[in-house]
Structures are given as C-alpha cells and as structure tokens.
Amino acid sequence: MSKVDASLVDYRPPITVVVGHVDVGKTLLLDKIRGTFVAYREPGMITQHIGLSFIPWNAVERIADPLLIKFRLKGKVWIKGFLMVDTPGHAAFSNLRRRGGSVADLAVLVIDITRGFEEQTYESLTLIRSRNIPFVVAANKLDRIYGWEPHENAPFLESYDKQREDVQGRVEEAIARMIEEFNKLGMDADRYDRVRDFNTQVPIVPTSAVTGEGLADLLVVLAGLSQRFNREKLKVMYGR
Ligand SMILES: Nc1nc2c(ncn2[C@@H]2O[C@H](COP(=O)(O)OP(=O)(O)OP(=O)(O)O)[C@@H](O)[C@H]2O)c(=O)[nH]1
Ligand SMILES: [Mg+2]
C-alpha cells in the first residue's frame, strides 16, 4: 500500500463559476478582477475565449490585506488562487450553464443591485442549490446607486464608510430588497460583514465591475467559503 504523509498533500484551486441574469456584469467583473489582480496577461488567449481565468491568491493579497486583518484570515489562506469560469446569462444558454455548474466548487451569483432578482437569477439559484455549491452574491453595478462617489478598487467597506448617509441608505434598501427575495425562497441572506453563520446565510457583497470596488471583499469571502466548505474536495494526494 502506498503511504501518504502531510508533505504530499496539496490543494487544487477551486473552480468558481460566475452565473446570473443577462447583462448583470459577469464578464466585466471577471475582466476587472483579472486586470486589477493579475498584473501579467495570460499568454494563451484560448483560455480567455472559453472564459476561464486563473486568479493567483498572492496577487489578491496585496489589495485585500486590510480585509484579511479585519476578518482574521491573514496568514491563514491556503488556497493558491481561483479558476474562474464565465457563463452566458442569456436564457438560450441554460444548458451550458448547467454544464458549468457541474464542475463547480464555488459560485458567484451576480445580481444587478439596481434591478434586484430577475428571471435567470432564480434559474441560477436553483442550479447552485441543486448541486449544493457554496456561493456568494455579487450585488453589482454599485456605482449606479444614485450619488455614489467611487473610490477606485477600494474594498466595499472602506468606500461605503466614505459615502453620504442618503447614499448609504439607498445601498441598504437595495440589499434589504435582495434579502427579502431570498427570504421568500426560504433562504437567509445578509450583507457579508453582517453574516453570523456562513452555514445558513448567503453573503451579499456589493461590487462594481467598473470602479473595482468590492472586488477584494468578494475574493476574500470566496476564499473563506472555500476553505470552510471545500477542503476535502480540493485535496490532492500524491502517493509514494
Ligand atoms: N455602471 C456599471 N456598468 C456595468 C457594471 N458591470 C457591467 N456593466 C455594464 O453592463 C453591461 C453588461 O456587462 P457584461 O459584463 O457584458 O454582462 P454579462 O453579465 O456578462 O452579460 P451576458 O454575458 O450577456 O449574460 C456592459 O455594458 C457593462 O459595461 C458595473 O459594475 N457598473
Ligand atoms: Mg458575459
């Protein structure tokens, strides 16, 4: 029998599918994450054509540092990055989305913060839940909230604190409407920094694919979810 010791255990990056209604910003979100966190361009253009990007964790760490400290994750992240898969939101592509969903370890459900739940939001959610995939909601197009003052690539929490009170109120209202929709479906959800139990509550991270706000928060939550719920699935063992 082959022996396995700790030094021969490794973890593969979680495959993370990005799903949601048409035009909510899935592709732009991935482009912005790549552009912000990955300084170099992938040499193989093919990967981009099939909508696959690798986001190395050490690149994320640079921008996410204050959040890692705040959420006591600093030095504790052992995933090496994410393999992110884009999917088309158009209804005609639901078959492709189902296939994307079958390999996924994690999911990002993108919802337009100004529009809330739409037809393919429900469909994507059904898919995610049927596979029992840990997921986070990216409440995208945050910059479209009336009066929002952008802070390029800032964590959501940092930028939110700098907004006027009425603007913060509009953000809260939009999040509350989303939480209400989740409640109607028998699920619990909350703004990610207010989540008390990641086993039962869906974390919502406001993002902007245009200004880059909230992307650090999104990746930190994904790392947290993955380490908590995917450990065994991601384990790769090398026998001797
Ligand atoms: N203001 C603003 N516009 C955005 C944001 N994200 C995406 N958009 C715009 O919304 C439109 C749709 O963005 P895409 O990234 O193509 O949306 P998608 O979800 O990939 O759409 P499908 O692939 O067709 O399902 C584009 O015009 C984007 O520029 C955002 O955060 N803020
Ligand atoms: Mg797209």
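Me: A residue is near a molecule or strand if one of its heavy atoms lies within 4 Å of it. With that settled, which residues come nearest to ligand 1?

Reply: Happy to start there, with a reminder that this is a predicted model, in which local features need pLDDT of at least 70 and side-chain atom pairs count only at pLDDT 80 or more, while totals for chains, interfaces and linings use all residues. Residues are numbered from 1 along each chain as its sequence is written, chains are lettered from A and ligands numbered from 1 in the order in which they are written, and side-chain values use heavy atoms, with hydrogens and water left out. Around ligand 1 there are 17 residues, and those that come nearest are Lys26, Leu28, Gly89, Asp143 and Ala209.

Me: Which helix gives the most residues to the shell around ligand 1?

Reply: Helices (H or I, at least four residues) and strands (E, at least two) are DSSP runs, numbered from the N terminus. The top contributor to the shell supplies three residues and spans residues 26-37. That is helix H1.

Me: How far is an oxygen atom of ligand 1 from a polar side-chain atom of Thr27?

Reply: A polar contact is a pair of N or O atoms within 3.5 Å; within protein, one must be able to donate a hydrogen and the other to accept it, and residues adjacent in sequence count only if both atoms are side-chain atoms. An N or O atom in the side chain of Lys26 is 2.7 Å from a ligand 1 oxygen, and a polar backbone atom of Asp23 is 3.0 Å from one. For the side chain of Thr27, the distance to a ligand 1 oxygen is 2.9 Å.

Me: What share of the accessible area of ligand 1 does the protein cover?

Reply: Accessible areas come from the Shrake-Rupley method with a 1.4 Å probe, and for residues only the protein chains shown count as cover. On its own, ligand 1 has 650 Å² of accessible area. The share of this that the protein covers is 73%.

Me: Zooming out, what percentage of the protein chain's residues count as buried?

Reply: The chain has nine helices and nine strands, and 240 residues. Buried means under 20% relative accessible area, exposed over 50%, and partly exposed in between (1.4 Å probe, protein chains only).

Me: Which residue in E4 stands opposite Ile55?

Reply: E3 and E4 are antiparallel, with five bridges. E4 is mostly covered, five of its six residues being buried. Opposite Ile55 stands Phe82.

Me: Are the faces of E8 covered or open, and which residue of E8 is the bridge partner of Val137?

Reply: In a regular strand the side chains alternate between the two faces of the sheet. In E8 both faces are covered, with Gln201, Pro203 and Val205 buried on one side and Val202, Ile204 and Pro206 buried on the other. E8 runs parallel to E6, joined by three bridges, and parallel to E7, joined by four. The E8 partner of Val137 is Ile204.

Me: Which residues does Gln163 contact beyond its close sequence neighbours?

Reply: Gln163 sits in the loop between helix H6 (156-161) and helix H7 (165-184), where it is buried with a relative accessible area of 7%. Its side chain reaches the backbone oxygen of Ser159 at 3.1 Å. Contact means heavy atoms within 4.5 Å. Leaving aside neighbours within four places in sequence, Gln163 touches Gly147, Trp148, Glu149, His151 and Gln168.

Me: And how far apart in space are Leu219 and Val60?

Reply: Leu219 lies in helix H8 (residues 215-229) and is buried, with a relative accessible area of 0%. In sequence, Leu219 and Val60 are 159 residues apart. From C-alpha to C-alpha, the distance is 7.5 Å.

Conventions. Pairing = 2+ DSSP bridges.
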